[in-house]
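Subject: Structure for your files

Hello,

Here is the structure I said I would send. Please open it alongside this message, as the notes refer to it throughout.

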Amino acid sequence: RKLDHVNSELQNQVVQFSFAYLASDTLNAIFFDWDVLFLAHHVLSLLYLYAVLQLQVGAVSAVFVFFLGEITSPIFNSFTVLRELKKDYKWASPWFHFVSPIFTGVCDDW
């Protein structure tokens, strides 16, 4: 299916579900785990999904991007955990510097 075709009803439902999940995750972050970068990422993603729903095109690209996000989550989670662990454990620092460039493009400490 081409990326510029009109969304099917099933695609709209998947995007609506993703929008609802992302909105609830954003609210959870606002109230319980304030992180500016995380929130900015979620707000931009919500705007993208909103545009896909309003324009009725782009569902394939939205689903593909979210799929890529989900398969990279374990690597990002290791980045996040290692960033915290390296504050207290020397063994975590080399692992953090190994994983860090994937997301930051640099190896500098945060």
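The model is predicted, so local features need pLDDT of at least 70 and side-chain atom pairs count only at pLDDT 80 or more, while totals for chains, interfaces and linings use all residues. Residues are numbered from 1 along each chain as its sequence is written, and side-chain values use heavy atoms, with hydrogens and water left out.

Helix packing

Helices here are DSSP runs of H or I with at least four residues, numbered from the N terminus. The ones discussed are α1 (9–32), α2 (36–55), α3 (59–85) and α4 (92–104). Axes are lines fitted to C-alpha atoms over the stretch in contact, and angles run from 0 to 180 degrees between N-to-C directions.

α1 and α2 pack with axes 10 Å apart, at an angle of about 155°. That makes α1 roughly antiparallel to α2 (angles under 35 degrees count as roughly parallel, over 145 as roughly antiparallel, 65 to 115 as roughly perpendicular and the rest as oblique). Where α1 passes α2, the crossing is left-handed, a term used if the near helix is turned anticlockwise from the far one by less than a right angle.

For α2 and α3, the angle is about 155° and the axes lie 9 Å apart. These two helices are therefore roughly antiparallel to each other, and their crossing is left-handed.

The axes of α3 and α4 come within 9 Å and cross at roughly 135°. That makes α3 oblique to α4. The crossing of α3 and α4 is left-handed.

The largest pocket

Rolling a probe the size of a water molecule over the atoms shows where empty space is left. On a 1 Å grid over the protein atoms alone, using a 1.4 Å probe, a pocket is an open set of points with protein on both sides within 12 Å along at least five of seven lines; lining residues have an atom within 4 Å of a point. Grid points are joined across faces, edges and corners, and a volume is the space filled by probe spheres set on the points.

The largest pocket has a volume of about 1,100 Å³. It is lined by 29 residues, of which F38, H41, H42, S73 and F76 are the closest to its centre. α1, α2, α3 and α4 each supply at least two residues of this lining, and the largest share, twelve residues, comes from α3. By type, the lining divides into 14 nonpolar, ten polar and five charged residues (Ala, Val, Leu, Ile, Met, Phe, Trp, Tyr, Cys and Pro count as nonpolar, Asp, Glu, Lys and Arg as charged, and the others, Gly among them, as polar).

Single residues

Accessibility is given as relative accessible area: buried means under 20%, exposed over 50%, and partly exposed in between (1.4 Å probe, protein chains only).

F38, one of the residues closest to the pocket centre, is in helix α2. At 29% relative accessibility, F38 counts as partly exposed. F38 and T26 are twelve residues apart in sequence, and their C-alpha atoms are 8.5 Å apart.

L47 is also placed in helix α2. With 53% relative accessibility, L47 counts as exposed.

Q56 is found in the loop between α2 and α3. Its phi is positive, about 65°, although Q56 is not a glycine. Q56 is partly exposed, with a relative accessible area of 29%.

P94 lies in helix α4 and counts as exposed at 52% relative accessibility. The C-alpha atoms of P94 and P74 are separated by 18 Å, and the two residues are 20 residues apart along the chain.

Regards
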